[in-house]
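Reader: Please take me through this structure. I would like to begin with the terms.

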Amino acid sequence: MKLEEILRLIIQLIPTAKMLDPSRAFGFIHKQAPVEINGVKGLLIWDYILWNEITFQDMEQKNIISLFTGFNDVDTEDRWNELIEEYSIKK
């Protein structure tokens with residue numbers, strides 16, 4: 001994606017982003033899944049407002065840690081699948 005296309009996308013999405021509640025921790029949630037990272041259980045969340053972001057929110061402290069940020073859905077999907085493969089809670 002060219003810089004001009006990214007800027008055009010950002011400009012188009014600003015009105016939508018401004019309508020969101022600023023106290024919300026996430027944008028539009030695309031996917032979420034329970035995971036365990038280094039012994040800490042939580043949720044892996046793929047959300048987006050102006051860009052794709054994959055975050056980990058631990059269930060106890062509610063800390064949110066960004067694991068990936070990008071503009072490309074394909075790259076985000078690839079990273080999502082890697083994280084799910086490595087950290088998903090197996091039943």
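Author: A residue is called buried when its relative accessible area is under 20%, exposed when over 50%, and partly exposed in between, using a 1.4 Å probe and protein chains only. This is a predicted model, in which local features need pLDDT of at least 70 and side-chain atom pairs count only at pLDDT 80 or more, while totals for chains, interfaces and linings use all residues. Residues are numbered from 1 along each chain as its sequence is written, and side-chain values use heavy atoms, with hydrogens and water left out.

Reader: Is T55 buried or exposed?

Author: T55 counts as buried, because its relative accessibility is 2%. T55 is found in strand β3; strands (E, at least two residues) and helices (H or I, at least four) are DSSP runs, numbered from the N terminus.

Reader: Which residue stands opposite T55?

Author: I45 stands opposite T55. Strands β2 (residues 40–48) and β3 pair in the antiparallel sense over 7 bridges, where pairing requires that DSSP finds at least two bridges between two strands.

Reader: What is the strand order in the sheet?

Author: The open sheet has 4 strands in the order β1-β2-β3-β4, with antiparallel pairing. Strands β1 (28–37) and β4 (64–70) stand at the edges with a single partner strand each, so one side of each has no neighbour in the sheet. On average, neighbouring strands are turned by 20° against each other, direction ignored. Helix α2 (residues 73–87) packs on this sheet and touches β1, β2, β3 and β4, and its direction makes about 25° with that of β1. Contact means heavy atoms within 4.5 Å; axes are lines fitted to C-alpha atoms, for helices over the stretch in contact, and angles run from 0 to 180 degrees between N-to-C directions.

Reader: To change topic, where is N52 placed, please?

Author: N52 lies in strand β3 (residues 52–58). N52 is buried, because its relative accessible area is 4%.

Reader: Which side chains make polar contacts with the side chain of N52?

Author: The side chain of N52 makes a polar contact of 2.8 Å with that of D73 and one of 3.3 Å with that of T76. Such a contact is a pair of N or O atoms within 3.5 Å; within protein, one must be able to donate a hydrogen and the other to accept it, and residues adjacent in sequence count only if both atoms are side-chain atoms.
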